[in-house]
Amino acid sequence: GCRIMARQYTNIIMSAASLFIGCLLYVLFREDTYIGNIFSDLPFITALRIWVSPISCNFVKFYFEDFLWGLSLGFGLQVFFTSRTAEILLCGCVAFLCGLIWECLQFSGIISGTGDFWDIVSYFCAGTMCIIFNLRRENQ
């Protein structure tokens, strides 16, 4: 009923917000990437990059983005499943496993990237947060 719809809308909003913020951080702090270069010609992006430069650090530039993308995937998956505990756990675990596989592919050189341990921790935290958030909402 209404409770399920509210949970789905919350998951949609959390997923979209996490994805948007992760992409925005990527554009603002990773200007040397393909995506960063696409937006470099926009004057307001250059101004935003200067404005946010004081908070630039490895956590914001690398790990928080991965956390947000893992969060987006976990919340996005949750939209398509019921609120049963097993499905909530599955969505969080799938979000983590996708991040883990991505990092392993990078570490092995199959795809470009660093395959960083802290990225894996970020994905784990994101999957765990999705689980906790949805379990708490379900038990209210």
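## Overall picture

Of the 140 residues in the protein, 36% are buried, where buried means under 20% relative accessible area, exposed means over 50%, and partly exposed lies in between, as judged with a 1.4 Å probe on protein chains only. This is a predicted model, in which local features need pLDDT of at least 70 and side-chain atom pairs count only at pLDDT 80 or more, while totals for chains, interfaces and linings use all residues. Residues are numbered from 1 along each chain as its sequence is written, and side-chain values use heavy atoms, with hydrogens and water left out.

The protein has six helices and zero strands, and from the N terminus on its elements run α-α-α-α-α-α; helices (H or I, at least four residues) and strands (E, at least two) are DSSP runs, numbered from the N terminus. Along its principal axes, the C-alpha trace spans about 45 × 35 × 25 Å. Among the contacts with a separation of 6 or more, 66% are made by residues 24 or more positions apart, and a contact here means heavy atoms within 4.5 Å.

## How H5 and H6 pack

Two packed helices are described by the angle between their axes and the distance between the axes. Helix H5 (residues 85-107) and helix H6 (residues 117-138) pack at an angle of about 170°, with their axes 8 Å apart; the axes are lines fitted to C-alpha atoms, for helices over the stretch in contact, and angles run from 0 to 180 degrees between N-to-C directions. H5 and H6 are therefore roughly antiparallel to each other, since angles under 35 degrees count as roughly parallel, over 145 as roughly antiparallel, 65 to 115 as roughly perpendicular and the rest as oblique.

By class, the contact of H5 with H6 has 11 nonpolar, five polar and three charged residues, where Ala, Val, Leu, Ile, Met, Phe, Trp, Tyr, Cys and Pro count as nonpolar, Asp, Glu, Lys and Arg as charged, and the others, Gly among them, as polar.

## The largest nonpolar core

A nonpolar core is a set of buried Ala, Val, Leu, Ile, Met, Phe, Trp, Tyr and Cys residues joined through side-chain atoms within 4.5 Å. The largest one has 11 residues in all, namely Leu25, Leu28, Phe29, Val52, Val60, Phe67, Leu68, Leu71, Phe75, Ala126 and Cys130. Helix H1 (2-29), helix H4 (58-78) and H6 are the elements that give two or more residues to this core, and the largest share, five residues, comes from H4.

Phe67, a member of this core, is found in helix H4 and counts as buried because its relative accessibility is 15%. Leaving aside residues up to four places away in sequence, Phe67 touches Ser122, Cys125, Ala126 and Met129. Ser122 is found in helix H6 and, at 8% relative accessibility, counts as buried too.

In helix H3 (residues 43-52), Ile45, Arg49 and Val52 are buried. They cover an arc of only 80° around the axis, which puts them on the same side of H3; the arc is that of the directions from the helix axis to the C-beta atoms. An α-helix has 3.6 residues a turn, so residues three or four places apart point the same way.

On the other side of H3, Pro43, Phe44, Ile50 and Trp51 are exposed. Val52, which also belongs to the largest nonpolar core, touches Leu28 and Phe29, not counting residues up to four places away in sequence.

## Two further residues

Phe81 is found in the loop between H4 and H5 and, at 30% relative accessibility, counts as partly exposed. Apart from residues up to four places away in sequence, Phe81 touches Arg7, Glu87, Leu90 and Cys91. The C-alpha atoms of Phe81 and Gln8, 73 residues apart along the chain, are separated by 9.1 Å.

Ile13 is found in helix H1 and counts as exposed, because its relative accessibility is 56%. Ile13 and Pro54 are 41 residues apart in sequence and 29 Å apart in space, C-alpha to C-alpha.
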